[in-house]
Amino acid sequence: NYGFSYAISRGEVPYLDFNMIITPIYPMINSLFLKMFSTNILVFYIVNSLLITGMFYLLFKMFNYKSWFLLIFLFFPLRAVVFPTYNLFLIFLVILLIYLEKINCNDYLIGLILGIGILTKQTVGVFLCFASFYYLFKDYKKVLKRVIGCFIPCLLFLIYLIRFDAINQFFDLCLFGMFDFVGENGKVFNIFFFLILIMVGFIFYKIK
């Protein structure tokens, strides 16, 4: 992840100059700080430490001292989650979305965060949008505003790909390449597949 951020800070183009199988907003954000301050890996770690701090600031505003439970689970059973990767950034986005929903924030802003989620990891970001479908039957205008907000960062990313002539490489690596990877590197129907089905069913039940 540091390598991707470092490459972008040097002006290299994802998918064109180096291979990635995810959308690139996380290394792009890190590359800005590497460009502004230093390409030392300590800058990378400091930025991600601030990300965790911001994440728990929001959690404590919502849940007070119950938030310590998440900190324990992040560090022990799932300690890899606190490593500076796009997974950490995705957890931050989920918590930010929950916070914005709780305070009834502007729908365009929520849509913008959903778009950033898609540009962090496309296969996860798309599913983050599903919770907004809840409003289709109550206030479809909210959903429309969120779609517009989500469309803005995605459109900017598309323009970026076209500008640097990397759109074909993007689809090859991030869409078609992922099917190849799954097909060649493991069984789809294992215990985790069924656990995910149970989790998704529970999530839809809670949303309803």
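Reader: Is D165 buried or exposed?

Author: This is a predicted model, and in it D165 has a relative accessibility of 57%. Exposed means over 50%, so D165 counts as exposed. You will find D165 in the loop between α8 and α9 (167-184). Have a look at its backbone too: phi is positive, about 55 degrees, although D165 is not a glycine.

Reader: What is the phi of N104, and where does N104 lie?

Author: N104 is not a glycine, yet its phi is positive at about 55 degrees. N104 sits in the loop between α5 and α6 (107-120). With a relative accessible area of 69%, N104 is exposed.

Reader: Now the rings, please. How is a pair of aromatic rings described?

Author: Two things describe such a pair: the distance of the centres and the angle of the planes. F89 and F92 are three residues apart in helix α5 (residues 86-102), which means about one helical turn separates them. Both F89 and F92 are buried.

Reader: Which aromatic pair does F157 form with Y160, stacked or edge-to-face?

Author: Stacked, with 6.4 Å from centre to centre and 20 degrees between the planes. F157 and Y160 are three residues apart in helix α8 (residues 140-163), about one turn of the helix. F157 is buried, at 9% relative accessibility.

Reader: Which residues form one aromatic cluster with F157?

Author: The cluster consists of Y15, F157, Y160, F164, F170 and F171. Over the face of F164 lies R163, at 4.8 Å from the ring centre.

Note on methods
Residues are numbered from 1 along each chain as its sequence is written. This is a predicted model: local features need pLDDT of at least 70, side-chain atom pairs count only at pLDDT 80 or more; totals for chains, interfaces and linings use all residues. Side-chain values use heavy atoms; hydrogens and water are left out. Helices (H or I, at least four residues) and strands (E, at least two) are DSSP runs, numbered from the N terminus. Buried means under 20% relative accessible area, exposed over 50%, partly exposed in between (1.4 Å probe, protein chains only). Rings of Phe, Tyr and Trp (its six-membered ring) pair if their centres lie within 6.5 Å; planes under 30 degrees apart count as stacked, over 60 as edge-to-face and the rest as tilted. A charge sits over a ring if NZ of Lys or CZ of Arg is within 6 Å of the ring centre and within 35 degrees of the ring normal.
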